[in-house]
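Here is a model to go through term by term.

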Amino acid sequence: MIINSFDPSSPEIVRAKDTIPQKDKELARTFSIDTFILTFSGKLIDALLKDSLIEPLNKNLTIGSAAYRSPVFHISDTSVGVVLSGIGAPMIAAILEELATLFHARNYIVFGSCGALTALPEGHIIVPTHAYRDEGTSYHYTEAGDYIEIRNAAKLAQILDKLGVDYVEGRAWTTDAFYRETERNREKRVAEGCLCVEMECSAAQAVCDYRGLELYQFVYAADSLDGEWARRILGDLEMDARMRYFFLAREIAKHISQ
């Protein structure tokens, strides 16, 4: 059973350090990056490149899977890295494992869209405090349980306060099956204090806890599941708004490196 999947006492069969090519390890050693910003938007990456806000660390250094390989970027004139992550718990877990292995980076700022479970306006920022573990990845990194605490939620909230950013704190519902977010399960999660539904938070925190990494995650309300489903800005967010969330992540990176 999945609740018995966590095995803290025996080593992994497949390790990131074994799957990453030696040439990539050698390239990564030439860069000093302690903080990465992870986004799920290829459109955003394209826009950042077009505006010369990010650039590849090295054209030969990529990260990802057999499905796609993405360059590892950094914000121009800084030591903050930027990576495009695949969507879902297994993908972000693999990206975190590989980045930590390649660069020994400690801090990871993750942002993306979510579905609002309550009457939140589109675009509103949510800082998850706990995440409901309705995915399979986290059970291989920590003991079974309904929720996982997002350890740096309070620290992230303090940074947003300093920046004068409007946000709300609350629980998130992390799921692997966005086409099986049923009405009854929505009601249960809302009753437990969940404000949104997304696909990575609980797994990302479990990986970071297990590997000794620091996660700072915020999401913004896209579609609405408060009653009948409404698409709103899901998949159709204006680039200026995408940029604002990136600039916010960049400011967060400055604060956690101080």
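This is a predicted model: local features need pLDDT of at least 70, side-chain atom pairs count only at pLDDT 80 or more; totals for chains, interfaces and linings use all residues.

Residues are numbered from 1 along each chain as its sequence is written, and side-chain values use heavy atoms, with hydrogens and water left out.

Q: Why is α5 called roughly perpendicular to α8?
A: The axes of α5 (residues 153–163) and α8 (residues 239–256) cross at roughly 110° and come within 10 Å. Axes are lines fitted to C-alpha atoms, for helices over the stretch in contact, and angles run from 0 to 180 degrees between N-to-C directions. Angles of 65 to 115 degrees count as roughly perpendicular, under 35 as roughly parallel, over 145 as roughly antiparallel, and the rest as oblique. So α5 is roughly perpendicular to α8.

Q: Which residues make the contact of α5 with α8?
A: Contact means heavy atoms within 4.5 Å. From α5, Leu156, Ile159, Leu160, Lys162 and Leu163 meet Leu248, Glu251, Ile252, His255 and Ile256 of α8. The residues of this contact divide into seven nonpolar, one polar and two charged. Ala, Val, Leu, Ile, Met, Phe, Trp, Tyr, Cys and Pro count as nonpolar; Asp, Glu, Lys and Arg are charged; the others, Gly among them, are polar.

Q: What makes α4 and α7 roughly parallel?
A: Their axes, for α4 (residues 89–103) and α7 (residues 201–211), cross at roughly 30° and come within 9 Å. The two helices are therefore roughly parallel to each other. Ala89, Ile92, Ala93, Leu96 and Glu97 in α4 meet Ala203, Ala204, Val207, Cys208 and Arg211 in α7. By class, that contact has eight nonpolar, no polar and two charged residues.

Q: How do you know that β7 and β12 pair?
A: Two strands pair if DSSP finds at least two bridges between them. β7 and β12 (residues 214–224) have nine bridges, in the parallel sense. Tyr108 stands opposite Leu215 in β12.

Q: In which sense does β7 pair with β11?
A: β7 and β11 (residues 194–198) pair in the antiparallel sense over two bridges. Ala116 stands opposite Cys196 in β11.

Q: What makes β7 mostly covered?
A: Nine of its 10 residues are buried, that is, under 20% relative accessible area with a 1.4 Å probe, protein chains only.

Q: Where is Gly123, and what does Gly123 touch?
A: Gly123 sits in the loop between β7 (107–116) and β8 (125–134). Not counting residues up to four places away in sequence, Gly123 touches Tyr220, Ala221, Ile233 and Tyr245.

Key. Helices (H or I, at least four residues) and strands (E, at least two) are DSSP runs, numbered from the N terminus. Buried means under 20% relative accessible area, exposed over 50%, partly exposed in between (1.4 Å probe, protein chains only).
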